[in-house]
Amino acid sequence: MVQDPLLECSFLIPVRRDANLSDGEEHAKEMWDWLDDEMIDRFGGVTYSPLAYRGAYIDRDTGERVADDSKKCTVAIEESRIDELRQLLSAACVFFQQKCIYLSVAGSVEFVEPPVS
C-alpha cells in the first residue's frame, strides 16, 4: 500500500502561560500530558525536542519585547490533515493560555490563534 507523502510540522509552545493573558507561571505536567495524548490519539505520535528554544518577540497588544522559552514539538502528517492540526493548536492556545502558537509546515510559518468567540 502506498502512503500519501507526509509533511513535517513543528510548533512551539512556551513553557509558561502568557503573562498578559494569565499569570506567567509554568504549565503543569497535566497540560503537557493533554497535548501528548491529543497528538498521539489524532496523529499517531509526536516528538519533543529535549532542548528549550529561547526566543523573543514584540507583543502585538503591548508593543513590548517578550522573551520566552518554548518546547518544540514535531509531527509528520498528511497535507489533508493540516487543518486538523491547526484546530488542535487553536484549542491549545486556550488550554496553554497563549495569544498564538508558532507553526511551521514544511518550512512555511504561520501563527495559529485561539478560536474566535
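A lining residue is one with an atom within 4 Å of a point of the pocket. I use the term in that sense in the entries below.

**Entry 1, the model.** I am working from a predicted model. I looked up its pockets.

I noted a volume of about 450 Å³ for the largest pocket. I found 19 residues lining this pocket, and those closest to its centre are Y57, D68, C100, Y102 and F111.

I then asked which strands supply the lining of the largest pocket. I found that β1 (6-14), β2 (47-58), β3 (65-78) and β4 (101-105) each give at least two residues. I recorded β2 as the strand that gives the most, with 6 residues.

I sorted the lining of the largest pocket by class and got 10 nonpolar, 3 polar and 6 charged residues.

I put down about 240 Å³ as the volume of the second largest pocket. I listed 15 lining residues here, with R17, A19, V66, A67 and D68 closest to the centre.

By class, I have 6 nonpolar, 3 polar and 6 charged residues in the lining of the second largest pocket.

I went back to D68. I have D68 among the residues closest to the centre of the largest pocket, and D68 is also among those closest to the centre of the second largest pocket.

Note on methods. Residues are numbered from 1 along each chain as its sequence is written. This is a predicted model: local features need pLDDT of at least 70, side-chain atom pairs count only at pLDDT 80 or more; totals for chains, interfaces and linings use all residues. Side-chain values use heavy atoms; hydrogens and water are left out. On a 1 Å grid over the protein atoms alone, a cavity is a set of points where a 1.4 Å probe fits but cannot get out, and a pocket is an open set with protein on both sides within 12 Å along at least five of seven lines; lining residues have an atom within 4 Å of a point. Grid points are joined across faces, edges and corners, and a volume is the space filled by probe spheres set on the points. Helices (H or I, at least four residues) and strands (E, at least two) are DSSP runs, numbered from the N terminus. Ala, Val, Leu, Ile, Met, Phe, Trp, Tyr, Cys and Pro count as nonpolar, Asp, Glu, Lys and Arg as charged, and the others, Gly among them, as polar.
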